[in-house]
Amino acid sequence: MSDTQNPYAPPSESNLQSFVPSNTGAYQDNKLLVLTRDFESPPCYIVSGAPIPDGQKTHKKQLTYAHPAYLLLLLLGLLPAIIIILIVQQKLNTKIYYENKLRRKKNLIATVGITCFLVSLALFIAAGTTESALLGFTALALLICWIILAIMSAFLPVIKVKRAKNKIFFVKGAHPDFLALFPPMPPDIFPVK
């Protein structure tokens, strides 16, 4: 059975042009991708805009948003702030195509960074209990490596929610080719309360 006869076959690159944006639950607003609950991802990667290879699976991604002003709750303490932010944040579960190469790179940087941080913390504690300057210098070197990895991860492309209102998410980080698949956001997208 060929791909033209199989109704369950993934769309090919030529089908990208025939993708109907009005049914996707997404719009573009300048350089932001506006997602609603009905979002249906087109068959291309969100970060690079490239068409997906045949057989690529979608990855579930939960987008969450809480206004940055809620960070002031940290003045009350870490635990109350976390609890309140988890309660008030808006969530959107969606399926998108995300490059496996980029995912592996982010996971590697995160794993090495967390390992460097924990080892440097352990070495700082060990250096405090002994009089070995070598442990202190090693801990400092690992802490510097952790800072460098944190800076490197900041330059990786990332999908980030800039703001959300009424379960409508404004997402930064989508490629311009991906954004071009969606119509401009209509002015009346936000329902009047």
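## The nonpolar core

In this predicted model, the largest nonpolar core has 27 residues. Those that touch the most other members are L33, L35, I46, L63, F169, V171 and F178. Two or more residues come from each of β2, β3, β4, α2 (100-129), β5 (160-165), β6 (168-172) and α4 (176-179). The most is given by α2, which supplies three residues. Domain 1 (26-47 + 59-96 + 157-182) and domain 2 (99-156) both contribute, so the core lies between them.

Neighbours within four places in sequence aside, L33 is in contact with A26, Y27, I46, F169, F170, V171, A174, F178, L179 and F182.

## The overall fold

The protein contains four helices and six strands. Along the sequence they follow the pattern β-β-β-α-β-α-α-β-β-α. Contacts between residues at least 6 apart in sequence can be sorted by separation: 71% of them join residues at least 24 apart.

The protein has 193 residues, and 30% of them count as buried. Its accessible surface is about 12800 Å², with 63% of that belonging to carbon and sulfur atoms.

N30 is placed in the loop between β1 (26-29) and β2. Its phi is positive, about 60 degrees, although N30 is not a glycine. The relative accessibility of N30 is 70%, above the 50% cut-off, so this residue counts as exposed.

R37 belongs to the loop between β2 (32-35) and β3 (59-65). With a relative accessible area of 61%, R37 is exposed too. Apart from neighbours within four places in sequence, R37 is in contact with L92 and K167. R37 and F169 are 132 residues apart in sequence, yet their C-alpha atoms are 9.1 Å apart in space.

## A buried loop residue

Q89 lies in the loop between α1 (78-88) and β4 (90-96). Is Q89 buried or exposed? Its relative accessible area is 18%, and buried means under 20%, so Q89 is buried. Leaving out residues up to four places away in sequence, Q89 touches T64, Y65 and A66.

K172 is part of strand β6. Its relative accessibility of 44% falls between the 20% and 50% cut-offs, so K172 counts as partly exposed. Beyond its neighbours within four places in sequence, K172 is in contact with L32, V158, I159, K160 and K162. K172 and V47 are 125 residues apart along the chain, and 9.9 Å separates their C-alpha atoms.

How many aromatic pairs does a search of the whole structure find? The search finds one. A ring is also involved where the charged end of R163 sits over F170, 4.0 Å from the centre of that ring. F170 is one of the residues in contact with L33.

Definitions and conventions
Residues numbered from 1 in each chain as written. Predicted model: local features only at pLDDT ≥ 70, side-chain atom pairs only at ≥ 80, totals over all residues. Heavy atoms only, no water. Buried < 20%, exposed > 50% of the residue type's maximum accessible area, 1.4 Å probe, protein only. Contact = heavy atoms within 4.5 Å. Areas by Shrake-Rupley, 256 points an atom, 1.4 Å probe, with all protein chains shown as cover. Phe/Tyr/Trp six-rings, centres within 6.5 Å; stacked < 30°, edge-to-face > 60°. Lys NZ or Arg CZ within 6 Å of the ring centre and 35° of its normal. Core = buried A, V, L, I, M, F, W, Y, C linked by side-chain atoms within 4.5 Å. Domains from an automatic or database assignment.
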